[in-house]
Amino acid sequence: MKSDCGLVSIIMPSFNTEDYIVESISSIIKQTYEDWELIIVDDCSTDNSVDIIRSFRETRIKLLQNEKNSGAAISRNYALREARGKWIAFLDSDDTWAPEKLEKQIAFMMENNYSFTFTDYRICLNGEWMPYINTGPNVVNKRKMYDYCYFSTITVMYEREKIGLIQIADIRKNNDYAMWLLAIEKSNAYRLAECLSFYIKHDGSVSSGSKTKLIKWHYKLFRYGLGKNPVIAGVLTVNNLFHGVWKKMYYKEPVKE
C-alpha cells in the first residue's frame, strides 16, 4: 500500500522510559506505511527520555511536554487535541509494533469500511515472551465493551472524523479503557486477526499491581471516569471481573514456532 491513504497520528505518552523508548520509536520509523506523525507527550521525566527522543532528529516526531507530572490520561488528551491525522493509533513508550502494522490495519479498515479496529498482540513479561497470542471477539459492541476491555491500547486504530475528539477523565489507571468506552458509542470495534503489536510488560509498569488495587481502579473507572452511581459502578466492576477471567481462558492462541 502506498502512503496515500491519509496521515496517521500516533499517540505516545512518555514517563521515565529511557530503557525502552528507543525500540518503541524505532518500530514506528520502520513502518512500511510512511505517512505518520508521532506525538509524544513527556510527563516530566526525570531520566534521559527527553534527550533520547530529541536525538532521533526525525521531522515526523512532535515532542510535547507537560508542565507538571499529570499521568497518562492528561498526556493522551493533550496529544489527541494536537493530532492532525485521518487515523489515530496508540503506542506506549515501552511497546513495539510489527513493521507492517499500520499498513495492514489501514487496508483492513478501508476494505471493510470500519472506523474502529484492533489487532491481536503478544506479551513479553520481564524479558520472557509468553507462549500465546492474545486475541479477542471478532466484533466488540457496546455491551461487550462494558463487559471487558478485550484489546490492548497499542493495537487500536480509529478514524478521527467518525469517532471524534476523545477526552477522558483524569484517572491514573484504566484511562485507556475509558477511551474505548467513549469510542464504542460511535462505532463497534472490529478485530484484525493478526499479531502485529507487542506489549512489553515489566516490573514497575503502569499495568502492574495487586489484584485488590486493580479491582479498585476498575470501580473508579466506572464511578468517576464515567460518572456512574455507586451501585451501577459496583455491578459493572463485578461483571468486568467475571469477563476478565473468561478472556484469559478463551481469548488466546498458542504461538506457532
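Threonine 117 is buried in this predicted model, with a relative accessible area of 0%; buried means under 20% relative accessible area, exposed over 50%, and partly exposed in between (1.4 Å probe, protein chains only). The model is predicted, so local features need pLDDT of at least 70 and side-chain atom pairs count only at pLDDT 80 or more, while totals for chains, interfaces and linings use all residues. Residues are numbered from 1 along each chain as its sequence is written, and side-chain values use heavy atoms, with hydrogens and water left out.

Threonine 117 lies in strand 6 (residues 116-125). Helices (H or I, at least four residues) and strands (E, at least two) are DSSP runs, numbered from the N terminus. The side chain of threonine 117 is joined to that of glutamine 105 by a polar contact of 3.0 Å. Such a contact is a pair of N or O atoms within 3.5 Å; within protein, one must be able to donate a hydrogen and the other to accept it, and residues adjacent in sequence count only if both atoms are side-chain atoms.

Beyond neighbours within four places in sequence, threonine 117 is in contact (heavy atoms within 4.5 Å) with residues including Phe108, Met109, Thr155 and Tyr190. Methionine 109 belongs to helix 4 (residues 101-112). With the same exclusion of neighbours within four places, methionine 109 has contacts that include Trp87, Thr117, Met157 and Glu159. The C-alpha atoms of methionine 109 and valine 231 are separated by 38 Å, and the two residues are 122 apart along the chain.

**Accessibility of individual residues**

| Residue | Relative accessibility | Class |
|---|---|---|
| Serine 49 | 0% | buried |
| Methionine 109 | 1% | buried |
| Methionine 249 | 52% | exposed |

Serine 49 is found in helix 2 (residues 49-55). Not counting residues up to four places away in sequence, serine 49 touches Ser14, Asn16, Thr17, Glu18 and Asp42.

Helix 7 (residues 175-183) is largely enclosed by the rest of the structure, because seven of its nine residues are buried. Among them are Tyr177, Met179, Trp180 and Leu181.

Methionine 249 is part of helix 9 (residues 230-250). Together with Val245, Trp246 and Tyr250, Met249 forms a nonpolar surface patch with about 440 Å² of accessible area. Patches are made of residues with over 30% relative accessible area and no salt bridge, like charges being joined within 9 Å and nonpolar side chains (Val, Leu, Ile, Met, Phe, Trp, Tyr) within 5 Å. A salt bridge is a side-chain nitrogen of Lys or Arg within 4 Å of a carboxyl oxygen of Asp or Glu. Accessible areas come from the Shrake-Rupley method with a 1.4 Å probe; for residues, only the protein chains shown count as cover.
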